[in-house]
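I set out to record a few features of this chain. My entries follow below the display.

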Amino acid sequence: MTLEQLRIFIEVAEREHVTAAAKALNVTQSTASAAISALEERHGIKLFHRVGRGISLTETGKIFLVEARNVLASAASAEAILDDLSGLRRGSLRVVASQTIAAYWLPSALVAFRQAFPHIGVVLEIGNTQQAAGHVRDGYSDLGIVEGYVDDPALAHWPIGEDRLQLVGSIPFQGTTIDSEWLQTAEWIMRESGSGTRSSLNHALRARGVNPDTLKEVLALPSNESVRTAVEAGAGVAALSSLVVAPSLAARALYAAPVDLGPRIFFGLRHKERYRSKAADAFLQILETQKKP
């Protein structure tokens, strides 16, 4: 069997559609079908149920899918090692980051890395903290940078930067005392569960004796920008990164509350056992350089 057959099998298995898989891989439908047939005929098994015009994995196919993914992951690691031997003249850097970091904190570092290593391809994926940890754990990304604490024994986890959470609303907070009672009764616009921003806010609230599970949550939204826009429209208050709200504060579309929610730490994530690529090490060095005054 070949790596190409495995790639085709995985794509077909994940999409449960031969034509869609072939299109995604930029091969013909007949090539994709032939690859699946070759695997099945060589080993005398069926990887897919074919019912009408639909397909789905057999139990054998489900077991084989796990092994096929492992083989491709090992092949990718082998290629990464060889790329490193060329002295960062080719290769790739795969980073996954949570929304705030990807949109507001990372771009300058990515530009600096691209200028220093123009032949290294950079892939940036965006997800919340839990999704980013899963990417690194499963080997889809070399590095993760997230806003929330990650408790996963497979991952190394260390502070890599920080910003601050700011409590904001659409009208000034003049004369308002932001105590635990006020926080408990305010109408909140929140990020979704699993978000690092939400996790950081929950930690800050608990430190002030406020149970985040009993807040008056008006809306839960999937992005910083949607939360910011809802607050600007007067739907409630929110706690967002200072990086996210700075333009709105300057334009007086939002106002900051007189309360310190403390620093919010950004954490780097790496798999403890996977190969440490030179590209990832070089990128981390750029991040360290940018932290220095």
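I first noted how helices and strands are assigned: helices (H or I, at least four residues) and strands (E, at least two) are DSSP runs, numbered from the N terminus. I then noted that the model is predicted, that local features need pLDDT of at least 70 and side-chain atom pairs 80 or more, while totals for chains, interfaces and linings use all residues. Residues are numbered from 1 along each chain as its sequence is written, and side-chain values use heavy atoms, without hydrogens and water.

**Entry: the pocket lining.** I looked up which elements line the largest pocket; α1 (3-15), α4 (59-85), β3 (91-97) and β11 (263-271) each supply at least two residues. Helix α4 gives the largest share, 12 residues. I recorded the composition of the lining as 14 nonpolar (Ala, Val, Leu, Ile, Met, Phe, Trp, Tyr, Cys and Pro), 8 polar (the others, Gly among them) and 14 charged (Asp, Glu, Lys and Arg).

Entry: Arg50 has Ile55 of β2 as its bridge partner. The two strands form a hairpin with 2 residues between them, and Gly52 in the turn has a positive phi of about 65°.

**Entry: Gln285.** I located Gln285 in helix α12 (residues 278-291). Why does Gln285 count as partly exposed? Its relative accessibility is 49%, and partly exposed lies between buried (under 20% relative accessible area) and exposed (over 50%), with a 1.4 Å probe and protein chains only. The C-alpha atoms of Gln285 and Phe113 are separated by 9.6 Å, although these residues are 172 residues apart along the chain.

Conventions. Two strands pair if DSSP finds at least two bridges between them.
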